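Let's take a walk through this structure together, moving from its strands to its rings and then to its charges. Keep the viewer open as you read.

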Amino acid sequence: MSKNPATPVPKIDPQYSRFPLRAGRSKIHHWGVYADADIPANRKVIEYTGEKIGPREAERRRKTLYLFVLDDHWTIDGAIGGSGAELINHSCQPNLVTRIIRGHILYMSLRPIRKGEELTVDYNFDNTDETVRCGCGARKCRGTINI
């Protein structure tokens, strides 16, 4: 995305978030999602939504930034109809964890999150994925997004 100040700020769909959240520029990567209120530990924060696509279409779109593999049959493309969760950046020391429950991708808080803190999740790319360098800045950064 452009660093142009006229670039519109992405929106968070409040229908899918349980706490007030906002999008803003991130030190990790382009846009990020920030808590607009304190968030307790072990709480659902936001659902990752988007267009549900099959394996062939997922392969065709594989260079798209916001693909999230739901299971062996389905992938969610957050670029189309996303809740804003697709903007949550990777960190090697995240404050969110992913839970897939009954076909829904949920981001849950791992610990208390302070108002103004950027939300992060470990993307857990595996070794079969292309190796992606990490820029999270965490004290215990492993250097790649891959596990």
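A residue counts as buried when its relative accessible area is under 20%, and as exposed when that value is over 50%, with partly exposed in between. Please keep in mind that what you see is a predicted model.

Which way do its side chains point? W31, V33 and A35 face one way from β2, while G32 and Y34 face the other way, and all are buried.

Next, look at the partner of β2. Strand β1, residues 21–25, pairs with β2 in the antiparallel sense over five bridges. If you want a point of reference in the viewer, A23 stands opposite V33 in β2. The two strands β1 and β2 make a hairpin with five residues between them. In the turn of that hairpin, H30 has a positive phi of about 45°.

The residue W31 brings us to the contacts of charges with rings. The charged end of R25 sits over the ring of W31, 3.9 Å from its centre. Elsewhere, K52 has its charged end over the ring of W74, with 5.1 Å to the ring centre.

Now for rings that meet other rings. A pair of aromatic rings is described by the distance of the centres and the angle of the planes. Three aromatic pairs turn up in a search of the whole structure. In one of them, the rings of Y48 and F68 have centres 5.2 Å apart and planes at 50°, so this pair is tilted. It links distant parts of the chain, with Y48 in strand β3 (residues 44–48) and F68 in strand β5, 20 residues apart. Are these two residues buried or exposed? Y48 has a relative accessibility of 6%, so it counts as buried, and F68, at 17%, is buried as well.

Y48 also pairs with Y107, and here the geometry is edge-to-face, at 6.3 Å centre to centre and 80° between the planes. This pair too links distant parts of the chain, since Y107 lies in strand β9 (residues 104–109), 59 residues from Y48 in β3. Both Y48 and Y107 are buried. Taken together, ring pairs link Y48, F68 and Y107 into a cluster.

Finally, turn to the charges. Side chains of opposite charge can pair when their charged atoms come close. How many salt bridges does a search of the whole structure find? There are nine. One of them joins R61 and E51, whose closest N and O atoms are 2.9 Å apart. R61 lies in the loop between α1 (55–60) and β5 (67–69), whereas E51 belongs to strand β4 (residues 51–53), 10 residues apart. R61 is buried at 14% relative accessibility, while E51 is partly exposed at 29%.

In helix α1, R60 and E57 lie three residues apart, about one turn of the helix, and their side chains meet in a salt bridge of 2.6 Å, N to O. R60 is exposed, with a relative accessible area of 61%, but E57 is partly exposed at 24%. E57 forms a salt bridge with R61 too, at 2.7 Å from N to O. Through shared partners, salt bridges join E51, E57, R60, R61 and D77 into one network.

Note on methods:
Residues are numbered from 1 along each chain as its sequence is written. This is a predicted model: local features need pLDDT of at least 70, side-chain atom pairs count only at pLDDT 80 or more; totals for chains, interfaces and linings use all residues. Side-chain values use heavy atoms; hydrogens and water are left out. A salt bridge is a side-chain nitrogen of Lys or Arg within 4 Å of a carboxyl oxygen of Asp or Glu. Helices (H or I, at least four residues) and strands (E, at least two) are DSSP runs, numbered from the N terminus. Buried means under 20% relative accessible area, exposed over 50%, partly exposed in between (1.4 Å probe, protein chains only). Two strands pair if DSSP finds at least two bridges between them. Rings of Phe, Tyr and Trp (its six-membered ring) pair if their centres lie within 6.5 Å; planes under 30 degrees apart count as stacked, over 60 as edge-to-face and the rest as tilted. A charge sits over a ring if NZ of Lys or CZ of Arg is within 6 Å of the ring centre and within 35 degrees of the ring normal.
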